[in-house]
Amino acid sequence: MNPMIAYLRKQKPEWEEYLSLMEMMDTDSNQTDSDSDSIPEAELVENKDKAYKSKIIKLKKTQSKLVNLINSLREELEEEVEFTQDLAEALGACPECFGEDEMCDNCDGEGIPGFFVPDFVQYNRFISPANKKFNKHFRIRN
Ligand SMILES: [Zn+2]
């Protein structure tokens with residue numbers, strides 16, 4: 001087993017799906033023709049041809065799985081980024097770092113919640129209902 005994949009499997013069990021694919025690809029690339037000494041030439045060529053065709057089919061399947069994975073990860077990431085931006089707008093915070101990164105190109109770490117004027121629509125979507133619940137739960141009167 002590839003030691004890097006084994007390490008990642010321990011560190012990031014949630015990546016199992018991707019690690020299995022990587023392992024499959026790794027195994028494919030390590031396969032060599034080693035026990036072909038006593039096989040006649042014509043049979044050897046035919047076997048090699050079959051082996052290559054089967055390998056190509058396998059690689060195409062792996063490629064297709066990887067493309068699907070990449071597309072679903074891209075979609076997931078785009079949704080997460082949009083969600084984070086909406087939440088930052090609701091809080092009036094920097095969408096890049098929420099004011100937690102002094103090296104932030106967008107706010108130099110100043111964009112904590114309330115730094116910008118919160119977006120009206122996003123505020124009513126996220127903050128207002130949470131604020132009502134918060135006040136009710138902690139019995140805060142305005
Ligand atoms: Zn920032």
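Predicted model: local features only at pLDDT ≥ 70, side-chain atom pairs only at ≥ 80, totals over all residues.
Biologist: OK. How many helices and strands are there in the protein?

Modeller: The protein has 4 helices and 0 strands, so along the sequence the pattern reads α-α-α-α. Helices here are DSSP runs of H or I with at least four residues, strands are runs of E with at least two, and both are numbered from the N terminus.

Biologist: And how much of the protein is buried?

Modeller: Buried residues are 8% of the 142 residues. Buried means 20 or more other C-beta atoms within 10 Å of the residue's own, exposed means 12 or fewer, and partly exposed is in between, with C-beta atoms placed from the backbone.

Biologist: Let's go to H3. What should helix H3 span, and how far apart are its end C-alpha atoms?

Modeller: H3 covers residues 41-91, and at 1.5 Å a residue its 51 residues should span 75 Å. The expected span is 1.5 Å times one less than the number of residues. The end C-alpha atoms of H3 are 73 Å apart, which agrees.

Biologist: Is H3 largely in the open or largely buried?

Modeller: Largely in the open, because the number buried is 4 of its 51 residues.

Biologist: Which residues of H3 are those?

Modeller: Ala-88, Glu-89, Ala-90 and Leu-91. What covers the buried residues of H3 includes helix H4, residues 120-138.

Biologist: What does Leu-91 touch?

Modeller: Pro-113, Pro-118 and Ile-127, if you don't count residues up to four places away in sequence. A contact here means C-beta atoms, placed from the backbone, within 7 Å.

Biologist: Which residues make up the largest nonpolar core?

Modeller: There are 7 of them: Ala-88, Ala-90, Leu-91, Ala-93, Cys-94, Cys-97 and Cys-107. A nonpolar core is a set of buried Ala, Val, Leu, Ile, Met, Phe, Trp, Tyr and Cys residues joined through C-beta atoms within 7 Å.

Biologist: Switching to the loop between H3 and H4: what's the phi of Phe-98?

Modeller: Phe-98 sits in that loop and has a positive phi of about 55°, although it is not a glycine. It counts as partly exposed because it has 19 C-beta neighbours inside 10 Å.

Biologist: And what about Asp-108?

Modeller: Asp-108 has a positive phi near 55° and is likewise a residue other than glycine. Its place is in the loop between H3 and H4, and with 13 other C-beta atoms within 10 Å, it is partly exposed.

Biologist: What is Ile-112 in contact with?

Modeller: Leaving aside neighbours within four places in sequence, Ile-112 contacts Ala-93, Phe-98 and Gly-99. Ile-112 is also found in the loop between H3 and H4. Its C-alpha atom is separated by 9.7 Å from that of Pro-95, 17 residues apart along the chain.

Biologist: Last one, the other end. Where does Ile-5 lie, and what is it in contact with?

Modeller: Ile-5 lies in helix H1, residues 3-11. Neighbours within four places in sequence aside, Ile-5 is in contact with Leu-19, Met-22, Glu-23 and Asp-26. The C-alpha atoms of Ile-5 and Asp-26 are separated by 9.6 Å.

How values were computed. Residues numbered from 1 in each chain as written. Contact = placed C-beta atoms within 7 Å.
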